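Subject: Structure handover

Hello,

Here is the structure you were waiting for. My notes on what turned up in it follow below.

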Amino acid sequence: MPKTTRAGFQFSLELDRDSSVPVYRQIADALREAVLSGRLLAGTRLPSTRVFADDLQVSRNTVLQVFELLKDEGLLDSQTGSGTFVTGVAAASGAASAGGFEEDIPPDPRSPAPGRFRSLSRRGKNLVHSATGAFRERPTPFMPDMPDLREFPIKTWLRLMNETSGRLTGPILAEASNAGYMPLRTAIAQHLNAARGMNCDPSQVIVTTGTQQGLDLVCRMLLDPGDPAWLEDPGYIGAHSILRANGAQMYPVRVDGEGICAREALDTLPVPRVIFCSPSCHYPRGAPMSLDRRAELIEVAHRCGAWIIEDDYDYEFVYEGGMHRSVFALDAEERTIHMGTFSKILLPSFRLGYIVVPKDLSEAFATARAVVDRHAALMEQMVLSEFMLRGLFSSHMRRMKKLYEARRQMLREGLFDIFGRGVWGDSGESGTNLIVPLAMGTDDRALCRKLAEAGLVLRPLSPYFLKRAPQPGLIAGFSAFREAEIERGLALLKGCRSMLEPCLRGA
């Protein structure tokens, strides 16, 4: 097999051909500066003298002269058959400083103070402040919110990709809608109408690169800085981050066993512009909202003229009591924005999601989607549309639900054996995590750090609260781990029982 040709980078330089400084010297000075400043690193391969000369529109002899000069200074080295490479800056540093020390130049009092005009905007500071720490990439018991990557039907996916790539023609690339690939929007609408009891058409579906981008787009479209936003407390940190970054005034609303207490909040909180909630699987409790509480939420939103943002993540994994219709489907006045993602059921790196908006907002959202970043990767959209339209997505979803339900039961029984009944509270009715509540006053963040030293990855519960006295706890995931891995994790947890038992008292 022939080797792929390595042509080297393209070096950009503006030459002054009217200068008294020879052209070869101008090129040599520019290359030397690029090496000394670190812009060209040791090991960087330069273009051939012929290509270099053509790029700069000079004679090849001029470039040969430059290379020989810089090789004498120790900056470049030629290897027969391989090319010319940057060697480093050590030898050249002495040459460059041979002329003496640089003179200290006092600052110009008329120039701006150092650092002026370089501060972040308030929204930028909010965005940075809202970032959450990332866990290690390799799943470790009991890392939450991770699908089992080994169960992804990669062979089927690659076959569909091979079949679909032949249709990736110029017209499709040119005509791709800002709101997403139409066959995928059609597949999503059909799926939601069947699985979530909705009645939407493809024009209402906007394909996004995931929940975070979808929520950011919704906030830009429906919120002005300073507008009140109600959020579940505890609730999804990603929503806190996006709403804060968009300037919303966030107000926590209590969550009980049935879901968000919206009617109760009317007596104490400002009238909201948006209400963010996760009815199918509250995060992080892992419990669905009751039908009565969904009706109450819709009634409050209508009375206030507020928008409901329904995060429908993990709706596939409801293990007890059956699956309810989405809030979008129940909302007769169409004040609900429905959001979903494929990251939890397929792959975390699979950056495709969607929002479903009322018909009268669909054109505006599609236009705004184009301003944000045009559209999501087209190839992935095409393959996913085939995966859904052929019924493969539904089959995969059913298989994963059955698999996760068995793992959930195994983790529940293991926690019972170690700590006794009720340690998981009311969590685990849906979703992929369980909660181990801890005694008030426990530093769950510090406890998670200690458990990480023992080889266990759990997430602290307290950061998910907006109120000042959060309930501490541990969030344990079960979806990414097979039977042997859960057993190994439980054995490690049992070994930490003496550390954990004092924290469990009074929980």
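Which residues do ring pairs link into a cluster? The cluster consists of Tyr236, Tyr283, Tyr313 and Tyr464, joined by ring pairs. Please keep in mind throughout that this is a predicted model.

**The chain overall**

The chain has 507 residues, and 50% of them count as buried. Its secondary structure comprises 19 helices and 13 strands. Among contacts with a separation of 6 or more, 72% are between residues 24 or more positions apart.

**Aromatic pairs**

Counting rings whose centres lie within 6.5 Å as paired, there are ten aromatic pairs. One of the pairs is formed by Tyr283 and Tyr464: the ring centres are 5.5 Å apart and the planes stand at 55°, so the pair is tilted. The cut-off that matters here is 60 degrees, because only planes over that angle count as edge-to-face. Tyr283 sits in the loop between β7 (274-277) and α12 (291-304), while Tyr464 sits in the loop between β12 (459-460) and β13 (473-477). Tyr283 and Tyr464 are both buried.

**The loop between β7 and α12**

Tyr283 has a further feature: its peptide bond to Pro284 is cis, with omega near 10°. Pro284 belongs to the loop between β7 and α12, and Pro279 is found in that loop too. Is Pro279 buried or exposed? Pro279 has 0% relative accessibility and so counts as buried, the cut-off being under 20%. Setting aside neighbours within four places in sequence, Pro279 is in contact with Ala287, Pro288, Met289, Arg294, Glu310, Asp311 and Val327. Val327 is 48 residues away from Pro279 in sequence, yet the C-alpha atoms of the two are 7.5 Å apart.

**Backbone points to check by eye**

Phe142 is placed in the loop between α5 (122-129) and α6 (154-165).

Asp314 has a phi of about 55° and is located in the loop between β8 (307-311) and α13 (327-330). Glu334 also has a phi of about 55° and is located in the loop between α13 and β9 (336-341). Which of these is buried and which is partly exposed? Asp314 is buried, because its relative accessible area is 4%, whereas Glu334 is partly exposed, because its relative accessible area is 44%.

**Helices α1 and α3**

Helix α1 (residues 23-36) packs against helix α3 (residues 60-72) at an angle of about 45°, and the axes are 9 Å apart. That angle makes α1 oblique to α3. The crossing of α1 past α3 is right-handed. On the α1 side the contact is made by Val23, Tyr24, Arg25, Ile27, Ala28, Leu31 and Arg32. On the α3 side the residues are Thr62, Gln65, Val66, Phe67, Leu69 and Leu70. Sorted by class, the contact of α1 with α3 contains nine nonpolar, two polar and two charged residues.

Leu223 is in the loop between α9 (211-222) and β4 (228-233). Its relative accessible area is 6%, so Leu223 is buried. Beyond neighbours within four places in sequence, the contacts of Leu223 are Val218, Leu243, Ala248, Arg273 and Val274. Leu243 is 20 residues from Leu223 in sequence and 8.8 Å from it in space, C-alpha to C-alpha.

Ser362 is in helix α14 (residues 362-373). With a relative accessible area of 11%, Ser362 is buried as well. Apart from neighbours within four places in sequence, Ser362 is in contact with Ser203, Gln204, Ile206 and Val357.

Regards

Methods
Residues are numbered from 1 along each chain as its sequence is written. This is a predicted model: local features need pLDDT of at least 70, side-chain atom pairs count only at pLDDT 80 or more; totals for chains, interfaces and linings use all residues. Side-chain values use heavy atoms; hydrogens and water are left out. Axes are lines fitted to C-alpha atoms, for helices over the stretch in contact, and angles run from 0 to 180 degrees between N-to-C directions. Helices (H or I, at least four residues) and strands (E, at least two) are DSSP runs, numbered from the N terminus. Angles under 35 degrees count as roughly parallel, over 145 as roughly antiparallel, 65 to 115 as roughly perpendicular and the rest as oblique. A crossing is left-handed if the near helix is turned anticlockwise from the far one by less than a right angle, and right-handed if clockwise. Contact means heavy atoms within 4.5 Å. Ala, Val, Leu, Ile, Met, Phe, Trp, Tyr, Cys and Pro count as nonpolar, Asp, Glu, Lys and Arg as charged, and the others, Gly among them, as polar. Rings of Phe, Tyr and Trp (its six-membered ring) pair if their centres lie within 6.5 Å; planes under 30 degrees apart count as stacked, over 60 as edge-to-face and the rest as tilted. Buried means under 20% relative accessible area, exposed over 50%, partly exposed in between (1.4 Å probe, protein chains only).
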